[in-house]
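Okay, thanks everyone, let me get the model up on the screen. I'll walk through a sheet, a couple of helices and a hairpin.

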Amino acid sequence: MSISVLRTADAWWVSTPAGAARVDTAAATTGQLLADRAALAAASSSTEIVPVESLALVSPVTAPCRVVAQMTNFASHVRDSGGDPATVPLTFFRKSSGSISGPLDDVIRPEHVQLLDYEVEIGLVFGKEMPVGTAINADNLAEYVAGLVVTNDVSARDVQLPKTQFYEAKSYPTFTPVGPALVLLDADELKRFTDLRLRLWVNGEVRQDMTVADMIYGPVETLQALTRFQRLDAGDLLLTGTPIGTAISAPPKPVAFIASLLPAATKWKLFFKGQAKNPKYLRDGDIVEAAVATDDGTIDLGRQRTVVRYAR
């Protein structure tokens with residue numbers, strides 16, 4: 001049965017139908033907490049409850065940790081980017097864990113960034129070490145994946161694209177809101193991963209709405225590839241991709257062909273001039289909400305609410 005773990009600056013909590021129960025633990029990190037299952041179980045049955053709304057929640061995934069992400073892992077997103085889902089490779093990139101922020105924290109756009117984008121994603125949080133060469137399969141997946149979180153892979157597109165690398169553009173502080181809850185799942189619940197629906201709203205308008213059934217590479221195949229070269233430890237985080245609906249969109253093929261003939265500086269100047277007219281990029285004061293749950297509500301990772309602020 002799932003356990004929803006919350007975190008404040010000074011404590012860990014378990015969310016129950018009646019409210020939040022404090023976890024009696026000395027754990028300072030997510031990895032340490034996941035090793036203290038007895039404390040989590042005790043909190044789940046506690047009668048000492050406070051309202052969840054009274055808690056100032058921070059990310060349930062603590063930093064420093066490894067943050068790995070998958071690129072273009074939803075078929076709808078690949079098509080929207082001008083690609084073919086049947087041929088897209090399984091690709092990873094890294095984010096700084098310094099980008100992790102809480103589910104209610106402001107997202108701060110650096111002064112030099114103009115095109116700020118959003119990507120609702122499901123984060124896998126690992127419960128035990130996975131050395132390089134660890135054999136992952138459907139039968140043992142739940143031994144390594146402890147739980148799931150809502151994440152938003154905030155992206156500075158005008159930094160990402162000309163530099164053809166993701167690390168800087170996705171690693172500024174507050175560019176990975178996480179939470180509100182880390183939902184710990186048992187093996188049977190984890191089998192419902194494909195039933196989860198990802199949704200994101202900007203100022204109340206639905207921008208993204210798609211189930212995991214649209215995902216190209218699921219957790220087993222992904223981790224089989226990742227553990228060939230990357231060690232993972234308890235408390236590390238893997239972002240699994242986003243569906244269609246982000247602000248950025250590929251230009252029509254004829255335009256893209258013409259642009260490919262231009263010098264790089266000219267091509268990007270024209271591209272960003274066109275993108276600057278796109279109203280979907282995040283503006284100062286925009287309210288971004290992201291949620292992940294099954295349609296029947298049996299598994300619910302919660303809903304985060306962040307406000308975009310421009311650095312002055």
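Strands β5 and β6 run antiparallel, with four bridges joining them. Quick bookkeeping: this is a predicted model, where local features need pLDDT of at least 70, side-chain atom pairs count only at pLDDT 80 or more, and totals for chains, interfaces and linings use all residues. Residues are numbered from 1 along each chain as its sequence is written, and side-chain values use heavy atoms, with hydrogens and water left out. Helices (H or I, at least four residues) and strands (E, at least two) are DSSP runs, numbered from the N terminus, and two strands pair if DSSP finds at least two bridges between them.

Now zoom out. The sheet is open, with 10 strands in the order β4-β3-β2-β1-β14-β11-β10-β17-β5-β6, and the pairing is mixed. At the edges sit β4 (49-50) and β6, each pairing on one side only. Helix α2, residues 37-44, packs on this sheet and touches β1, β2, β3, β11 and β14; contact here is heavy atoms within 4.5 Å. The direction of α2 makes about 45 degrees with that of β2. For that angle, axes are lines fitted to C-alpha atoms, for helices over the stretch in contact, and angles run from 0 to 180 degrees between N-to-C directions.

Next, α7, residues 219-226. Which of its residues are buried? Pro 219, Thr 222, Leu 223, Ala 225 and Leu 226, where buried means under 20% relative accessible area with a 1.4 Å probe, protein chains only. Looking down the axis of α7, these fall within an arc of 160 degrees, so they line one face of the helix; the arc is that of the directions from the helix axis to the C-beta atoms. They pack against β5, β6, β10, α4, β11 and β17.

Last stop, the β18 and β19 hairpin. Six bridges join these antiparallel strands, and Ala 291 has Arg 303 as its bridge partner in β19. Five residues lie between the strands, and Gly 297 takes a positive phi near 80 degrees.

Thr 294, in β18, is buried at 4% relative accessible area. Its side chain makes a polar contact of 2.7 Å with that of Asp 296, meaning a pair of N or O atoms within 3.5 Å, one able to donate a hydrogen and the other to accept it; residues adjacent in sequence count only if both atoms are side-chain atoms. Beyond four places in sequence, Thr 294 is in contact with Arg 192, Asp 195, Leu 196 and Ile 299.

Notes
Buried means under 20% relative accessible area, exposed over 50%, partly exposed in between (1.4 Å probe, protein chains only).
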